[in-house]
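Please keep the sequence and the coordinates at hand while reading.

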Amino acid sequence: VESKKKASVLVVDDEKGVRQALRIALEDEYHVLLAGNGKEADKCLADNHVDAVLLDIRLPDTDGITLLKKIKRTDPALEVVMITAVKYVQTAVAAIKAGAYEYIVKPFVVAEILNVIKRALEKRDYIREVVHLRRELDKYKPFEEIVAASRKMQEVFSYISAIAPSDGTVLIQGESGTGKELVARAIHNRSQRWKKPFLVINCAAVPQTLMERELFGHNKGAFTGAVSSMPGKLEMADNGTVFLDDIDSMEVNLQSKLLRVIQEKEFERLGSARITQVDVRFVAACNKDLRQLISQGGFREDLYFRLNVFPLFLPPLRKRRDDIPLLLEHFLTLYREKEGRGPERFSQKAVDFLSSYDWPGNVRELENLVHRICTITRKRTIQIADVPVDKSAVFLKKGLPLKEAVHDFERNYISETLEEVNGNRKNAARRLGIHRNTLLAKMNQLGLKGGYRK
Ligand SMILES: Nc1ncnc2c1ncn2[C@@H]1O[C@H](COP(=O)(O)OP(=O)(O)OP(=O)(O)O)[C@@H](O)[C@H]1O
Ligand SMILES: [Mg+2]
């Protein structure tokens, strides 16, 4: 019983006799399409699904090599077998260099043709399989998801690569929105555990009793309402990674239970005396200074040492400003795609301005800002005026002498105003409530383009 769909083979040859002979040779095993010249071949390729091509090197309206190159450009995985007469074998060799799979010399043996086609199709399947696997792999190992250009982040990358394969606990510290969870996932994806689960436990969001159930699971009857047994996240993450987010919020009582799991790799479900063993790697994150918490009695020092086998510090965005332009671009592309609309670019001034902003909410704040701009702004280019952040904050935080701060402010304010009126100086002067000549003089003095020239 023939259950698999037949593969399609396109035969391109100007001799009718050759076409017929090939059709008879192939039609038992393949769906055969015929073309007598380049034009017919083009049409056939456009209208049909084709798995392999048998291509005569000499055609009336084009030559086989040109057609071959065209086919390979459109679909590099489509295999082409050249048909040639003895006297054109040199050309056939050139065709191989141009990407043909193989050539056969006329007059040919049917068995040989069938064999070549079979191998060509196998190669195609194999390539498809590899491409598919690579894509799958990319999904699981996306270092590219962390967008960064700064030297500080490049160091973080190499640190991640170095510690990922180990089973040692990682403690990621960094301000809110710096990408701690992203990094935790990157560590998991680069470890041998990457095919196994990565489970997040948010220690801040869940009250202690619920947290215990979530972590350890429970047996039927362990508490009111426990109508059936449930495995906890530790069991579900067996052979994988558990990400303990906001570990500083975990209650001290639970901290000791966690310590035991990390040390002994075992625990009991709630309401059960049976010991369950697990193999999980822990990655923890916090945005507070744990050392200080320890001195205040809010965090167990022994747990801290257990977690801090590999300390990883994520710098705040204002300490790696080189990343800002790249992140702006990244999220603009992302949200334009998601929203199906939005501006195409940031003006250079807007990029400069946002690069000097301090981003107290770090990458998350930047991401949300770009998302908002994408939804709201109708213009093609995002100008400073379209950016909804408190602009005075930028000047306050730089710690400049008054004179320079005023200079900075005037310069930005005037260039923003000019942007808004599309560079019309008369309108800008009116908006600013100053005479046009004063504006020109100021532009000149502040080094703004389009100022008054002698
Ligand atoms: N370098 C980066 N490249 C791309 N996206 C990033 C980067 N850093 C952070 N993000 C994105 O910013 C958002 C916040 O990141 P994440 O949730 O990892 O931060 P966090 O440090 O865990 O913050 P919190 O402490 O508030 O939980 C996420 O949407 C994340 O995808
Ligand atoms: Mg987080």
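Predicted model: local features only at pLDDT ≥ 70, side-chain atom pairs only at ≥ 80, totals over all residues.

The crossing of α13 past α15 is right-handed. On the α13 side, the residues that meet the partner helix are I324, L327, L328, F331, L332, Y335, R336 and E339. They face V363, L366, E367, V370, H371, C374 and T375 of α15. Sorted by class, this contact between α13 and α15 comprises 10 nonpolar, two polar and three charged residues.

Attention may now turn to the sheets. One of them is open and consists of five strands in the order β2-β1-β3-β4-β5, with parallel pairing. Strands β2 (31-35) and β5 (102-105) stand at its edges; each has a single partner strand, so one side of each is left without a neighbour in the sheet. On average, neighbouring strands here are turned by 20 degrees against each other, direction ignored. Within this sheet, β3 (residues 52-56) and β4 (residues 79-84) are joined in the parallel sense by five bridges. A52 has E79 in β4 as its bridge partner. Helix α2 (residues 38-47) packs on the sheet, where it touches β1 (8-12), β2 and β3. The direction of α2 makes about 165 degrees with that of β1. Helix α4 (residues 89-97), for its part, lies across β4 and β5 and runs at about 160 degrees to β5.

A further open sheet of five strands, again with parallel pairing, has the order β7-β10-β13-β6-β14. Its edge strands are β7 (198-202) and β14 (310-313), each of which pairs on one side only. From one strand to the next, the twist averages 20 degrees. The pairing of β7 with β10 (residues 241-245) is parallel and extends over five bridges, and N202 stands opposite D245 in β10. Helix α7 (residues 180-189) packs on this sheet, with contacts to β6 (170-173), β7, β10, β13 (281-286) and β14. Relative to the direction of β6, that of α7 makes an angle of about 155 degrees.

Two leucines complete the tour. L293 is found in helix α11 (residues 290-295). Its relative accessible area is 17%, and L293 is therefore buried, the limit being under 20%. Which residues does L293 contact, leaving aside its neighbours within four places in sequence? They are D248, G298 and F299. L293 and R274, by contrast, are 19 residues apart in sequence and 34 Å apart in space, C-alpha to C-alpha.

The other leucine, L418, lies in helix α17 (residues 402-420). With a relative accessible area of 10%, L418 is likewise buried. Not counting residues up to four places away in sequence, L418 touches G423, R425, A428 and M443. Between the C-alpha atoms of L418 and A429, which are 11 residues apart along the chain, the separation is 8.9 Å.

Technical notes. Residues numbered from 1 in each chain as written. Chains lettered and ligands numbered in written order. Heavy atoms only, no water. Helix = DSSP H or I, 4+ residues; strand = E, 2+ residues; numbered from the N terminus. Buried < 20%, exposed > 50% of the residue type's maximum accessible area, 1.4 Å probe, protein only. Contact = heavy atoms within 4.5 Å. Pairing = 2+ DSSP bridges. Axes fitted to C-alpha atoms, helices over the stretch in contact; angles between N-to-C directions. Left-handed = near helix turned anticlockwise from the far one by under 90°. Nonpolar A, V, L, I, M, F, W, Y, C, P; charged D, E, K, R; others polar.
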